Amino acid sequence: MVLQLDEALVVLADRLGGGLIALAATAGLATLLGGFFADRLDGKRTMLFACAMASVFFLTLFALVQTDHLNYPLIIAYAIVVGTLGAFMTPARDALLSQVAPDTSTGGIQQAVAFASLTQFGAQIVGMLFAAIAPLVGVANLLLGQAALMASAVFAITRVHPRPARKAASREG
């Protein structure tokens, strides 16, 4: 009995590792492409699309969990899709910062980048805490909450407007 449990844990660890590798490798490789497009496309539109798609994928994952149809290949596919979306979201978010941050002459962009990074890492820590309570509240409920969070991000992005252009100093003389 103990041997079977040990073998099951090894298989589970291998599968978890495969899922994490799929997520990290996809995000790592696609970030270069995401950065390329962030410099050339409207960051707001990219963010709207990526957040809306992420919300749809979280709802889909919620439905798969609720109907007991989630399997390992679907988890890998999900990791690849979410990794790709994240690889486009982050550069687009960073590109938007330069448009919405306070005046750059006062260090506004550096403060905005620091705050965005702090918020992202803080959210990741909160996500880990939620993962820890998943057995208590249910994975499906967490996925539904994640879908709602991404939908609220779509709403928030529609409210983002670039700061007014700074007038150039006139030269007299």
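Does Ala147 count as buried or exposed, and at what relative accessibility: which is it? Ala147 counts as buried, at 3% relative accessibility; the term buried means under 20% relative accessible area, exposed means over 50%, and partly exposed lies in between (1.4 Å probe, protein chains only).

1. Basis of the note. The structure is a predicted model, in which local features need pLDDT of at least 70 and side-chain atom pairs count only at pLDDT 80 or more, while totals for chains, interfaces and linings use all residues. Residues are numbered from 1 along each chain as its sequence is written, and side-chain values use heavy atoms, with hydrogens and water left out.

2. Overall make-up. The chain has six helices and zero strands. Helices (H or I, at least four residues) and strands (E, at least two) are DSSP runs, numbered from the N terminus. Read from the N terminus, the order of elements is α-α-α-α-α-α. Of the 173 residues in the chain, 22% are buried. Contact means heavy atoms within 4.5 Å. Among contacts between residues at least 6 apart in sequence, 84% join residues at least 24 apart.

3. Helix α6 and its buried side. Helix α6 covers residues 139-158, and its 20 residues should span 28 Å at 1.5 Å a residue; the end C-alpha atoms are 29 Å apart, which agrees. The expected span is 1.5 Å times one less than the number of residues. The buried residues of α6 are Ala140, Leu143, Ala147, Met150 and Ile157. They lie on the same side of α6, because they cover an arc of only 105 degrees around the axis. This arc is taken from the directions from the helix axis to the C-beta atoms. An α-helix has 3.6 residues a turn, so residues three or four places apart point the same way. The buried residues of α6 pack against α2 and α3, whereas the face turned away from the buried side carries the exposed residues Leu149 and Phe155.

4. Ala147 lies in helix α6. Not counting residues up to four places away in sequence, Ala147 touches Ser55, Phe58 and Leu59. The C-alpha atoms of Ala147 and Phe62 are separated by 8.6 Å, although these residues are 85 apart along the chain. Ser55 belongs to helix α2 (residues 43-66) and is buried, with a relative accessible area of 9%. Apart from neighbours within four places in sequence, Ser55 is in contact with Ala147, Met150 and Ala151.

5. Asp68 lies in the loop between α2 and α3 (72-100). At 70% relative accessibility, Asp68 counts as exposed. The phi of Asp68 is near 60 degrees, a positive value in a residue other than glycine.

6. Helix α3. This helix has 29 residues and reaches 41 Å from its first C-alpha to its last, close to the 42 Å expected at 1.5 Å a residue. Asn71 caps the N-terminal end of α3, with a side-chain oxygen 3.0 Å from the backbone nitrogen of Leu74. The buried residues of α3 include Ile76, Ala79, Gly83 and Leu85. Thr84 also lies in α3 and is partly exposed, with a relative accessible area of 28%. Leaving aside neighbours within four places in sequence, Thr84 is in contact with Thr26 and Ala30.

7. Aromatic pairs. A pair of aromatic rings is described by the distance of the centres and the angle of the planes. Rings of Phe, Tyr and Trp (its six-membered ring) pair if their centres lie within 6.5 Å; planes under 30 degrees apart count as stacked, over 60 as edge-to-face and the rest as tilted. By this rule there are three aromatic pairs. Phe36 and Phe37 form an edge-to-face pair, at 5.3 Å centre to centre and 80 degrees between the planes. Phe36 is partly exposed at 39%, and Phe37 is partly exposed at 31%. Ring pairs link Phe36, Phe37 and Phe88 into a cluster.

8. Salt bridge. The whole structure holds one salt bridge, defined as a side-chain nitrogen of Lys or Arg within 4 Å of a carboxyl oxygen of Asp or Glu. Arg93 forms this bridge with Asp94, the closest N and O atoms being 2.8 Å apart. Arg93 is partly exposed, with a relative accessible area of 22%, and Asp94 is partly exposed at 36%.

Conventions: Polar contact = N/O pair within 3.5 Å; in protein donor to acceptor, adjacent residues only side chain to side chain.
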